[in-house]
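Subject: Handover of a structure for your study

Dear colleague,

Please find below the structure that I am handing over to you.

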Amino acid sequence: MTKGDGRQVLMVGTRKGAFVFTSDSGRRSWKLSGPELKGNETYHMAYDRRSRTMLASVSSSHWGPTIAKSKDMGKSWKVSRTPPKFPKGSGLSVARIWQIKPGTDDDEGVVYAGVEPACLFRSDDGGEKWTVNEAMLNHKTRKKWQPGGGGLCLHTVVLSERRPKRILIAISAVGVMRSDDNGETWSFKNKRLLADFQPEKYPEFGTCVHKLAINQSKPDTIFQQNHTGVYRSDDAGDDWKDIRNNLPSRFGFPAAVDANEPERFYLAPLEGDFSRIPLGGQFAVWATDNGGKEWSKLDSGIPKTSYFTVLRDAMVTDQGEPCGLYFGSTTGQLFASRDQGNKWERIADGLPPILSVSVSSA
Amino acid sequence: MIRVKLTAQLKDWTNGVSSLEMDTVPDLQSMVRKLDARFPGIGQRIVDDQEKIRTHVNIFVNSENSKDLQREMTKLRDGDTVHILPSVAGG
């Protein structure tokens, strides 16, 4: 069932600030506010329902990255005085905050941040003060970690209410790591993930995960868009199975799971690593209803010529019934579907390059 | 004493203060630490996690860019004027 009254809040992070779109209860019309945090690269946004706080990863080309918080749904923002910061002597400095993830309901005040160079930070006060994850910072393999095209970034954090001590993270181009003890220890979870750009095709680490996604009702089933394929795991990452099947390409970045149908998974395939453009020049979302056995193309309402680039954090599903789906392009178009991707509508055009799209029920 | 002049872009961190005097400190790194003690958070805007001056921030000592001197370890002397400015990026 749809949470609340059906209204959705889209948080759109762009190269030049944050935009917030609020829908009516039917998700048919959208009211725009913003930009806020003007001029600042707003890389990722999240809504912390526990504290009713909007969080944003913002970065100034001059003054560096930080976290901003809003208590009034994006109308005004307060910037953290103590953002994620590597300890002195580590030789590392936060270049970008890729992901903000509010903790589970039982972890009052806990927020996670994934940063570049790859590491996890934790806040226990809702995003004001941050502590580096020492186990990841000092991981014995860290010196061998190599960056992907976007940098050595921890870009995805997956949590589950049903697995409160588990943290799954994804690093390009290191792979998936899992902690089952709230981040005290980490293990790689990259079994049978192809890394055909490496001398060793199935390494313990050094795979190029692009995005992870789960449905909260099945927390052990993880879907993954990788540089080299599309995978699922039914044991929280212990093992992975290639589910590309009839998909036209193994390559892409965004990934999302339907809120109501845990075997319905959405992707946006691209031609391949060296061109990174939509297949045939038309951007399309592809979906499976059966966990990856078969895939179908969802392009109704998307322009026939649409060389869109949709970044890994710029496609998201809402909690509505039927599930809504949204994507934003680096050419500033924002599209929405209120019927699981079957019909798309452009709800905004001419925005700055869109870096991320997040959603919460209002 | 040294005089520190700050770009208006940092006014959110300084409650609007754009110019101030402080007791002479040995170098720019010490000056940034002292600024941060007075205006919490401003230090990390000027320098990175390892206290290196950010790439697109310029700190001038009198009229000399510290990047042509000893960067954050540039020595300061009584009577110096320090300007903290954004670099001209792009264009």
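I begin with a single residue and then widen the view. Pro86(B) lies in strand E5 of chain B; here helices (H or I, at least four residues) and strands (E, at least two) are DSSP runs, numbered from the N terminus. Before going further, please note that this is a predicted model, in which local features need pLDDT of at least 70, side-chain atom pairs count only at pLDDT 80 or more, and totals for chains, interfaces and linings use all residues. Residues are numbered from 1 along each chain as its sequence is written, while chains are lettered from A and ligands numbered from 1 in the order in which they are written.

By the rule used here, a residue is buried if 20 or more other C-beta atoms lie within 10 Å of its own, exposed if 12 or fewer, and partly exposed in between, with C-beta atoms placed from the backbone. Apart from neighbours within four places in sequence, Pro86(B) is in contact with His62(A), Thr7(B), Gln9(B), His56(B) and Val57(B). Two residues are in contact if their C-beta atoms, placed from the backbone, lie within 7 Å. Pro86(B) and Ile46(B) are 40 residues apart along the chain, and their C-alpha atoms are separated by 9.3 Å.

Chain B as a whole

The secondary structure of chain B consists of three helices and five strands, arranged along the sequence in the pattern β-α-β-α-α-β-β-β. Its radius of gyration is 12 Å, close to the 12 Å that the globule rule gives for 91 residues, so chain B is as compact as a globular protein of that length. This radius is taken over C-alpha atoms, and the globule rule is 2.2 Å times the number of residues to the power 0.38. Along the principal axes, the C-alpha atoms of chain B fill a box of roughly 35 × 30 × 25 Å. Of the 91 residues in chain B, 27% count as buried.

Chain B has an average pLDDT of 95, and 97% of the residues score at least 70; pLDDT is the predictor's confidence in each residue, from 0 to 100. For the complex, the predictor gives an ipTM of 0.93 and a pTM of 0.96.

Helix H2 of chain B

Which residues of helix H2 (residues 28-38) of chain B are buried? They include Leu28(B), Met31(B), Val32(B) and Leu35(B). These residues are on the same side of H2(B), because they cover an arc of only 100° around the axis. The arc is that of the directions from the helix axis to the C-beta atoms. An α-helix has 3.6 residues a turn, so residues three or four places apart point the same way. The cover over the buried residues of H2(B) includes strand E1 (2-6), helix H3 (42-46), strand E3 (57-61) and strand E5 (81-86) of chain B.

Where the chains meet

The contact between the chains takes 14 residues from chain A and 12 residues from chain B. On the side of chain B that touches chain A, four residues are nonpolar, four polar and four charged. Ala, Val, Leu, Ile, Met, Phe, Trp, Tyr, Cys and Pro count as nonpolar, Asp, Glu, Lys and Arg as charged, and the others, Gly among them, as polar.

Chain A

Chain A has one helix and 28 strands, and buried residues make up 51% of its 362 residues. A compact globule with 362 residues would have a radius of gyration near 21 Å, and the 19 Å of chain A agrees with this.

One open sheet of chain A has four strands in the order E16-E17-E18-E19, with antiparallel pairing. Strand E16 (209-213) and strand E19 (241-242) of chain A each have a single partner strand and stand at the edges, so one side of each is left without a neighbour in the sheet. Two strands pair if DSSP finds at least two bridges between them. E16(A) is joined to strand E17 (residues 222-226) of chain A by four bridges, and Lys211(A) stands opposite Gln225(A) in E17(A).

Strand E26 (residues 334-337) of chain A is covered on both faces: Leu334(A) and Ala336(A) are buried on one side, Phe335(A) and Ser337(A) on the other. E26(A) pairs in the antiparallel sense with strand E25 (residues 325-328) of chain A over four bridges, and with strand E27 (residues 345-348) of chain A over three bridges.

Yours sincerely
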